[in-house]
Each structure stands twice: as C-alpha cells, then as structure tokens.
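Subject: Structure handover

Hi,

Here is the structure I promised to pass on. Please open it and keep it beside you as you read.

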Amino acid sequence: MTLTCTHAGCDMGENGTVSDQGLFCGCHGSEFDANGNVVRGPATRPLDHFDVTADASGNLVIHGGEIVSASQRLAV
C-alpha cells in the first residue's frame with residue numbers, strides 16, 4: 001500500500017512512523033491501521049493498495065499505478 005497520507009499527501013515514510021502496528025502521519029496526526037484503514041483523522045479515506053505480482057523467478061513486482069481493493073492478496 002502507499003505511504004502517502006490521504007489527508008494532505010504527506011510521505012509517511014519520511015515524515016511519520018510505519019510499523020507492523022500501523023502508520024502515523026507526522027504532518028497532521030492521521031493514524032492508519034496495518035491494513036491502511038483510518039483509525040484517527042484528519043484523514044477520512046483509507047490508504048491505496050497497489051497490485052503486486054510475482055515474475056517467473058519469484059521476484060515481487062509492485063504496480064504503483066494500479067490501485068486494487070485492500071482485500072486483494074497475491075496467492076503464494
């Protein structure tokens with residue numbers, strides 16, 4: 001999923017906290033759970049999830065321009 005906050009577009013990788021517990025945006029205080037759902041605003045929209053595929057060698061490819069449902073998972 002993206003690390004770009006849906007409130008004001010801040011990069012939470014650079015200005016925030018990302019952990020297995022969730023994400024925190026250091027710009028305006030939005031919090032997201034580990035699946036990208038809003039826990040606390042000001043963000044009102046969950047984080048976008050991207051399509052992920054595996055190539056013939058098993059390397060993962062993240063398709064950053066292809067947004068998918070948060071429930072979509074790569075079968076392994």
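First, the ground rules. This is a predicted model, where local features need pLDDT of at least 70, side-chain atom pairs count only at pLDDT 80 or more, and totals for chains, interfaces and linings use all residues. Residues are numbered from 1 along each chain as its sequence is written, and side-chain values use heavy atoms, with hydrogens and water left out.

Cysteines. A disulfide is a covalent bond between the sulfur atoms of two cysteines. Here the term means a pair of cysteine sulfur atoms within 2.5 Å. The structure has one disulfide. It links C10 and C27, with 2.2 Å from S to S. The angle about the S-S bond is -115°, so this link is left-handed. C10 sits in the segment before strand 1 (16–19), and C27 in the loop between strand 2 (22–25) and strand 3 (31–33), so the bond ties together parts 17 residues apart in sequence. Strands are DSSP runs (E, at least two residues), numbered from the N terminus.

C10 is buried, at 13% relative accessibility. C27 is partly exposed, at 29%. Buried means under 20% relative accessible area, exposed over 50%, and partly exposed in between (1.4 Å probe, protein chains only).

Surface. V76 lies in the segment after strand 6 (60–68). V76 is exposed, with a relative accessible area of 100%.

Best wishes

Methods: Helix = DSSP H or I, 4+ residues; strand = E, 2+ residues; numbered from the N terminus.
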